[in-house]
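Look at the sequence and the model shown here. The paragraphs that follow go through them part by part.

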Amino acid sequence: MSPLDPPSATDALHDRRTAIAALGADLRALVEAAVRTGAPDEVLLLAAKEAQHLTALLTVRPRGRAEVPEVDVFPGGIRMYSPVTGAGSPLAPPLQIETVDDGAVVGTCTLGVAHEGPPGYGHGGVSALLLDEVMGWACSYAGQPGMTIELNLSYKRPVVLETPLRVTARVTERHGRTNLVHGTIATTAAPRTVLVEAEAVFFAPAPDQARALFPSLRDPA
Ligand SMILES: CCCCCCCCCCCCCC(=O)SCCNC(=O)CCNC(=O)[C@H](O)C(C)(C)COP(=O)(O)OP(=O)(O)OC[C@H]1O[C@@H](n2cnc3c(N)ncnc32)[C@H](O)[C@@H]1OP(=O)(O)O
């Protein structure tokens, strides 16, 4: 099975993922509203109280720092709370891994004002986040899920907010457990005009290293 194919889910798992995604979508709308609001101070203070109430509501059986959520398929699969692809994460655009195009992994997303760097444009660190993720997927797709050990970016043109983006990555060379990966960000409307280009090195940990790094995984090998 390709790491891009979602595994079949039970009804309970499907329902849980659906509920997580619903909360994530509303939290993202809330974050975007919060960074754009012109509401008066008293409304901000009222919203802060409501946010405290929501935090208390959700602070029930929180998972441990390194615990892999039951709803996830790790590595190389669904990660509901990923800050990049996670449908349940208020931090994620979220980026959708859509297709494998001639050996390259392609993801799409649209950045909001919450991801702003220069006014009207995406933060350079957010571009790095998107590329790092899709480049990691390219390694998984090539059969070696790994961790980034080097990431170099060239920012050629600013990344416009509220514009559908296309992030691509492909493994260009493999040396043992090390993969060299090339990635780009463009708009979906002009996929040949590269806005950001990246070269990265990923390392696929050996089974012993993976066990030490991810002790909560059942079979990291
Ligand atoms: C189950 C597996 C799961 C995989 C994870 C899926 C994540 C999915 C999430 C995706 C999210 C997106 C992705 C993320 O966000 S990943 C998060 C960001 N990345 C990290 O946190 C990685 C931090 N680094 C490490 O933990 C260790 O370095 C690792 C574990 C990777 C290797 O450990 P260690 O160093 O002890 O192993 P080794 O001594 O055998 O070296 C191995 C080779 O690597 C070379 N080298 C090492 N470091 C560097 C460096 N800085 N620059 C250049 N090269 C470096 C080294 O020379 C050697 O090469 P060679 O001599 O063989 O040629």
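Over residues 120–178 the chain is 31% helix and 36% strand. The model is a predicted one. According to UniProt, in an unreviewed entry, residues 120–178 carry the feature "domain: Thioesterase".

The protein as a whole has four helices and six strands. Along the sequence they follow the pattern α-α-β-β-α-β-β-β-β-α. The radius of gyration is 19 Å, close to the 17 Å that the globule rule gives for 221 residues, so the protein is as compact as a globular protein of that length. The C-alpha trace spans about 60 × 40 × 30 Å along its principal axes. Of the 221 residues, 27% count as buried. Among contacts between residues at least 6 apart in sequence, 61% join residues at least 24 apart.

Some backbone details are found in the loops. The loop between helix H2 (41–58) and strand S1 (96–101) holds proline 94. The peptide bond that leads from proline 93 to proline 94 is cis, with omega near -15°. Arginine 61 is in the loop between H2 and S1 as well. Its phi is near 45°, a positive value in a residue other than glycine. Is arginine 61 buried or exposed? Arginine 61 counts as exposed because it has 4 C-beta neighbours inside 10 Å, where the cut-off for exposed is 12 or fewer.

Glutamate 162 is not a glycine either, and its phi is positive, at about 55°. This residue is found in the loop between S3 and strand S4 (165–175). With 9 C-beta neighbours inside 10 Å, glutamate 162 counts as exposed.

Note on methods:
Residues are numbered from 1 along each chain as its sequence is written. This is a predicted model: local features need pLDDT of at least 70, side-chain atom pairs count only at pLDDT 80 or more; totals for chains, interfaces and linings use all residues. UniProt positions are given in the numbering used here, feature names are shortened, and annotations may be inferred rather than shown by experiment. Helices (H or I, at least four residues) and strands (E, at least two) are DSSP runs, numbered from the N terminus. A residue is buried if 20 or more other C-beta atoms lie within 10 Å of its own, exposed if 12 or fewer, and partly exposed in between; C-beta atoms are placed from the backbone. The radius of gyration is taken over C-alpha atoms; the globule rule is 2.2 Å times the number of residues to the power 0.38. Two residues are in contact if their C-beta atoms, placed from the backbone, lie within 7 Å.
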